[in-house]
Amino acid sequence: MNGSCFLSYQEWSDLELRVTRSLFSEAVSNQELFVRKLVNATVIHNQCFEHTSHESDHGGNHVIYMKRFGADELPIYGARLQEALFDYCDVSPALSMDCCYWEHDRFVRGTAIRMEHEPLKIAGLLLDHYLVQYEQTYENVYSVFDRDRRKVILFLKGVEL
């Protein structure tokens with residue numbers, strides 16, 4: 001999966017059944033494209049957009065269709081997820097990962113499950129519904145790519161199995 005491709009983010013309206021505006025376009029590596037398609041949502045210019053679908057064409061162009069993230073569409077976690085998402089702002093020079101953990105009815109930023117900086121290793125974590133660290137199991141509740149910060153944020157909840 002070497003090389004790069006062109007990725008476009010498009011805002012989709014379910015009411016109008018069409019793209020209402022282009023949010024952003026850029027060239028990305030094929031490995032990073034994999035990560036960007038696996039997350040549940042993307043932050044662009046401090047606005048969170050939930051992915052609704054994605055597609056590609058034979059020429060290597062890719063599109064992610066999105067709608068504004070609605071906290072009410074993610075019961076229990078939605079509003080708290082938005083609070084944690086915009087609670088801090090640190091920028092990474094390369095793609096990296098942060099974790100927020102569900103504690104006492106809110107998400108708290110904590111140490112990442114694994115300090116991954118390679119896109120395929122981050123993608124591997126996104127594929128898992130559960131992650132284990134130090135004998136504690138965490139459910140992957142939601143994942144967001146913050147384009148401006150160059151970070152994938154995992155929202156995790158400890159579970160007993």
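## Overall form

The accessible surface of the protein comes to about 8800 Å², and 49% of that area belongs to carbon and sulfur atoms; such areas come from the Shrake-Rupley method with a 1.4 Å probe, and for residues only the protein chains shown count as cover. This is a predicted model, in which local features need pLDDT of at least 70 and side-chain atom pairs count only at pLDDT 80 or more, while totals for chains, interfaces and linings use all residues. Residues are numbered from 1 along each chain as its sequence is written, and side-chain values use heavy atoms, with hydrogens and water left out.

The protein has three helices and 10 strands, where helices (H or I, at least four residues) and strands (E, at least two) are DSSP runs numbered from the N terminus. Read from the N terminus on, these elements follow the order β-β-α-β-β-β-α-β-β-α-β-β-β. The radius of gyration is 16 Å, close to the 15 Å that the globule rule gives for 161 residues, so the protein is as compact as a globular protein of that length; the radius is taken over C-alpha atoms, and the rule is 2.2 Å times the number of residues to the power 0.38. The C-alpha trace spans about 45 × 40 × 30 Å along its principal axes.

Of the 161 residues, 48% count as buried, a class that means under 20% relative accessible area, with exposed meaning over 50% and partly exposed lying in between (1.4 Å probe, protein chains only). Among the contacts with a separation of 6 or more, residues 24 or more positions apart account for 51%, a contact being heavy atoms within 4.5 Å.

## Salt bridges

A search of the whole structure finds 18 salt bridges, each defined as a side-chain nitrogen of Lys or Arg within 4 Å of a carboxyl oxygen of Asp or Glu. One of them joins the side chains of Glu 26 and Arg 147 at 2.9 Å, N to O. Because Glu 26 lies in strand β2 (residues 18-29) and Arg 147 in the loop between β9 (136-146) and β10 (151-159), this pair ties together parts that are 121 residues apart in sequence. Both Glu 26 and Arg 147 are buried.

Asp 90 takes part in a salt bridge with Arg 149 (2.6 Å, N to O), a pair that links distant parts of the chain, with Asp 90 in the loop between α2 (78-85) and β6 (96-103) and Arg 149 in the loop between β9 and β10, 59 residues apart. Asp 90 is partly exposed at 24% relative accessible area, whereas Arg 149 is buried at 3%. The side chain of Asp 90 also meets that of Lys 151 in a salt bridge (3.3 Å, N to O); since Lys 151 belongs to strand β10, this pair ties together parts that are 61 residues apart in sequence. Lys 151 counts as buried, with a relative accessibility of 8%. Salt bridges that share partners join Glu 26, Glu 32, Arg 36, Arg 147, Asp 148 and Arg 150 into one network.

## Helix α2

Within α2, the residues Gly 78, Leu 81, Ala 84 and Leu 85 are buried. Seen down the axis of α2, its buried residues fall within an arc of 125 degrees, so they line one face of the helix; the arc is that of the directions from the helix axis to the C-beta atoms. An α-helix has 3.6 residues a turn, so residues three or four places apart point the same way. The buried residues of α2 pack against β3 (41-44), β4 (47-56), β6, β7 (106-110), β9 and β10.

Ser 143 is found in strand β9 and is buried, with a relative accessible area of 2%. Not counting residues up to four places away in sequence, Ser 143 touches Leu 38, Val 39, Asn 40, Ala 41, Leu 126, Ile 153 and Leu 154.

Ala 112 lies in the loop between β7 and α3 and is buried as well, its relative accessible area being 7%. Leaving aside neighbours within four places in sequence, Ala 112 is in contact with Met 97, Cys 99, Tyr 101 and Gln 133.
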